[in-house]
Structures are given as structure tokens and as C-alpha cells.
Amino acid sequence: VARRMYSMPPDHGAAVVKIILQSDELRRQWSQELDSMVNRILSLRQEIAAQGAHLNMHFVAGQRGMFSLLPLSTAQVDSMIDDHAVYMASDGRVNVAGCQIHQIPKLINALEQTGLSIGAS
């Protein structure tokens, strides 16, 4: 039973993708939604960099993708979680896409209070 499950995974996801990509209208809609999400994440990154300029957070704007790796020690990550309720992986990987624009000041304030120190650029 296990062999069949792992060797022959369901292809429902692939079937959905096939339907979307074969339809001009669905493909256009998907492309618009994708562009919207890309632009949202880029604007969040730019805003984090702007509001965190005094912390030299400019590197965040140049990164791509849903996540950013912040130069935090394990103790600093623990402080972000315990003292500021800002959750991230223990290596400082933060979900930029999960952030909302109105939460950025809280994030920057927490980073500042936690002692984020990035060398001057």
C-alpha cells in the first residue's frame, strides 16, 4: 500500500494546472493574480527597506521571493518571538508575504528593540 502511495502520487494538481494553462481566459486570470502577488511582495519589501533604513535594511528590497533571511542570532529570534510576538524560523527566516503593510512599523520596532545590527553600507 505504501509503495503505491509514494510511487504513484495523485495527479489532481497537475490536472488543475493543465486545465488552467489550456484555457486562454483562465491563463490570463492566473497571470493577473500572479502579477498582483508579485507586486504586493515587492512593495512590502520596499516598505520594510524604507522604514528600516536606520537599521540598514536596504538588502530586503533587493531580495526576491516570499521569505527574507534576517541576520539575527538564535537569542534575537527568541526575543522577537517571546517579547514581540513576531514569529520566524530559528535562523531568522521571516515570511515577507505573510506581512501586512500596517504591521511593518511593529516589525521594524521589534527588530530595533531586539538589537538588530547590520554593518553600515
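Me: At what angle do H3 and H6 pack, and how far apart are their axes?

Reply: Two packed helices are described by the angle between their axes and by the distance between those axes. In this predicted model, H3 and H6 pack at an angle of about 45 degrees, and their axes are 10 Å apart. Angles under 35 degrees would count as roughly parallel and those from 65 to 115 as roughly perpendicular, and H3 and H6 are therefore oblique to each other. The crossing in which H3 passes H6 is right-handed.

Me: Which residues of H3 and H6 meet, and how do they divide into nonpolar, polar and charged?

Reply: From H3 come Leu 44, Glu 47, Ile 48 and Gln 51, and they meet Ile 104, Pro 105, Leu 107 and Ile 108 in H6. The residues of this contact divide into six nonpolar, one polar and one charged.

Me: How should I read the packing of H5 against H6?

Reply: For H5 and H6 the angle is about 125 degrees, with the axes 10 Å apart, and that makes H5 oblique to H6. H5 passes H6 in a right-handed crossing. In H5, Gln 76, Ser 79, Met 80 and His 84 meet residues of H6 that include Lys 106, Leu 107, Ala 110 and Leu 111; the residues of this contact divide into four nonpolar, five polar and one charged.

Me: Which residues touch the most other members of the largest nonpolar core, and which elements give two or more residues to this core?

Reply: The largest nonpolar core has 22 residues, and those that touch the most other members are Ile 48, Met 57, Leu 70, Leu 72, Met 80, Met 88 and Leu 111. The elements that give two or more residues to this core are H3 (24–51), H5 (74–84) and H6 (104–114), with H6 providing the largest share, five residues. Leaving aside residues up to four places away in sequence, Ile 48 touches Met 57, Val 60, Val 96, Ile 104, Leu 107 and Ile 108.

Me: What is the phi of Asn 56, and what is the phi of Ala 85?

Reply: Most residues other than glycine have a negative phi. Asn 56, in the loop between H3 and H4 (59–62), has a positive phi near 60 degrees. Ala 85, in the loop between H5 and strand S2 (93–95), has a positive phi of about 55 degrees.

Me: Is each of these two residues buried or partly exposed?

Reply: Buried means under 20% relative accessible area, so Asn 56, at 19%, counts as buried. Ala 85, with a relative accessible area of 39%, is partly exposed.

Definitions and conventions
Residues are numbered from 1 along each chain as its sequence is written. This is a predicted model: local features need pLDDT of at least 70, side-chain atom pairs count only at pLDDT 80 or more; totals for chains, interfaces and linings use all residues. Side-chain values use heavy atoms; hydrogens and water are left out. A nonpolar core is a set of buried Ala, Val, Leu, Ile, Met, Phe, Trp, Tyr and Cys residues joined through side-chain atoms within 4.5 Å. Buried means under 20% relative accessible area, exposed over 50%, partly exposed in between (1.4 Å probe, protein chains only). Helices (H or I, at least four residues) and strands (E, at least two) are DSSP runs, numbered from the N terminus. Contact means heavy atoms within 4.5 Å. Axes are lines fitted to C-alpha atoms, for helices over the stretch in contact, and angles run from 0 to 180 degrees between N-to-C directions. Angles under 35 degrees count as roughly parallel, over 145 as roughly antiparallel, 65 to 115 as roughly perpendicular and the rest as oblique. A crossing is left-handed if the near helix is turned anticlockwise from the far one by less than a right angle, and right-handed if clockwise. Ala, Val, Leu, Ile, Met, Phe, Trp, Tyr, Cys and Pro count as nonpolar, Asp, Glu, Lys and Arg as charged, and the others, Gly among them, as polar.
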